[in-house]
Amino acid sequence: MTQQESLIRALPKVELHLHIEGTLEPEMMFDLARRNGIGLIYGTVEELRAAYDFRNLQSFLDLYYAGAGVLITGQDFYDLTWAYLKRCEADNVVHTEIFFDPQTHTGRGILFETVLSGIRRALKDGKEELGISSRLILSFLRHLSEEEGFKTLEMARPFLDRIDGVGLDSSEVGHPPSNFERLFAECKALGLPRVAHAGEEGPPGYVWEALNLLDVCRIDHGVRALEDGKLVDRLAGTRMPLTVCPYSNVRLKLFERLAEHNLRELLARGLCATLNSDDPAYFGGYLQENYLGCARELALSGEEIVKLVKNGFEASWLDEAEKTRWIGLCDIIAGNYITSDAGGVK
Ligand code: HPA
Ligand code: ZN
C-alpha cells in the first residue's frame, strides 16, 4: 500500500452526494426482483453490468429508473440503505448525506411513507450500530413539472421532521433551476436547506440560477463552473461547496479519462470542492475508490487529499462542534503522513 493510500484509508470521510437508488448493486437487483416476483430484461448479473456502458446522463438515468423498479417494500429500502452503510463502515465514511428520489417510487404506486420509513430505519441503525451519522435529502426530479414537485412536497408534509433538506436531480439540459423557483421558495419557507444538481451537463448559467433563484447552500457537481470566471469568483468568495463526483463524470463522458478531470483546478482556484460517489453501483466505485482513483490518476498531493476531506466536513450539515472535532482529527492524522515542507506524503 502506498503512503497516499494509507492516508486516504486512515482519514475519516464524509459523503455529500449519493443517490441511495444508485447504490443498488446488480446482485441485489436480482435478489429483490426474485423476492418481489418482478421480471428483469437481463438474464444475468453479468449481462446487466455489461449494459452499464453509458453515452451520457440520460442513457444512465434510463437504466437507473428502470432498476429502481425492483424496490417495493419498506424492507427493500431498508436493505438497500443498510448495504450502503456497511460499505461506508468499510471505507471509513463517518457521515453521509443521502438523496432519495420519492417520485421514482410514488409514480409506481409505492407510498411515500414506505420509502421514507425503510430508509430512515436503516439510517437509525447505522447511527446506533455503526456510529455513522447521516442526513436525508428529498430530491425532486427536474424532468417532471414543478406542479408534480409541489404534489410530492404535499406528500412529504406530514414527515418533514424526518427530512433534512431538498435537492434537484435527473435530466439537466432543458430543465433549468428557474423552472423550480416557486417550489424551492416554498421549501425555504418551511425551513428546509436546499441543494441542486447544476453544471454537470448543463451550462454555468444553471449554476447561477441555482444560487440566485433557488438560494442553495451547495451545488451538486458544478464542474462546468470553470467555464465562467465570474462564477468561479462568486463560488470561491462565498466558499460555496461543490459536491464533485469524478467516477460519475468519467462514466457519463464529461471527461474522457480520470486523468483529465478538473478536480485539481477546482481546488487550485480556491473552490470548496468535495469528493463523492453519486451512484456507485453504476459508476464502478464507492467513495474510497473515488479518492484512491483521483489520488493515483491526478497525482494528488497529501495536502490536496486532506483538503478534500476537510472540505467535506466543512460543507456538511453537521453542527459546528462536530465539524470542529472531525476536522481536528483529520489534522492530527494528516500530521502523521504529510511532510511540512512540500505538502508531500512522508
Ligand atoms: N445527475 C442527475 N440526476 C441524477 C444523477 C446525476 O448524476 N444521479 C442520479 N440522478
Ligand atoms: Zn447526483
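Trainee: Which residues surround ligand 1?
Mentor: This is a predicted model, to begin with. In it, the residues around ligand 1 are H19, L57, F60, L61, Y64, D169, S170, H197, E200, H221, D278 and D279.

Trainee: How far is D279 from a nitrogen atom of the ligand?
Mentor: A polar side-chain atom of D279 lies 2.7 Å from a nitrogen atom of ligand 1.

Trainee: What about D278 and the ligand's oxygen atoms?
Mentor: D278 has a polar side-chain atom 2.7 Å from an oxygen atom of ligand 1. For H221, the distance from a polar side-chain atom to a ligand oxygen atom is 3.2 Å.

Trainee: How much of the ligand does the protein cover?
Mentor: On its own, ligand 1 has 260 Å² of accessible area, and the protein covers 100% of that.

Trainee: Where does the ligand sit, then?
Mentor: In the largest cavity.

Trainee: Changing topic: how many helices and strands are there?
Mentor: The protein has 17 helices and 8 strands.

Trainee: Why call it as compact as a globular protein of its length?
Mentor: Because its radius of gyration is 19 Å, close to the 20 Å that the globule rule gives for 346 residues.

Trainee: What does the C-alpha trace span?
Mentor: About 60 × 40 × 40 Å along its principal axes.

Key:
Residues are numbered from 1 along each chain as its sequence is written. Chains are lettered from A and ligands numbered from 1 in the order in which they are written. This is a predicted model: local features need pLDDT of at least 70, side-chain atom pairs count only at pLDDT 80 or more; totals for chains, interfaces and linings use all residues. Side-chain values use heavy atoms; hydrogens and water are left out. A residue is near a molecule or strand if one of its heavy atoms lies within 4 Å of it. A polar contact is a pair of N or O atoms within 3.5 Å; within protein, one must be able to donate a hydrogen and the other to accept it, and residues adjacent in sequence count only if both atoms are side-chain atoms. Accessible areas come from the Shrake-Rupley method with a 1.4 Å probe; for residues, only the protein chains shown count as cover. On a 1 Å grid over the protein atoms alone, a cavity is a set of points where a 1.4 Å probe fits but cannot get out, and a pocket is an open set with protein on both sides within 12 Å along at least five of seven lines; lining residues have an atom within 4 Å of a point. A molecule sits in a cavity or pocket if more than half of its atoms lie within 2 Å of its grid points. Helices (H or I, at least four residues) and strands (E, at least two) are DSSP runs, numbered from the N terminus. The radius of gyration is taken over C-alpha atoms; the globule rule is 2.2 Å times the number of residues to the power 0.38.
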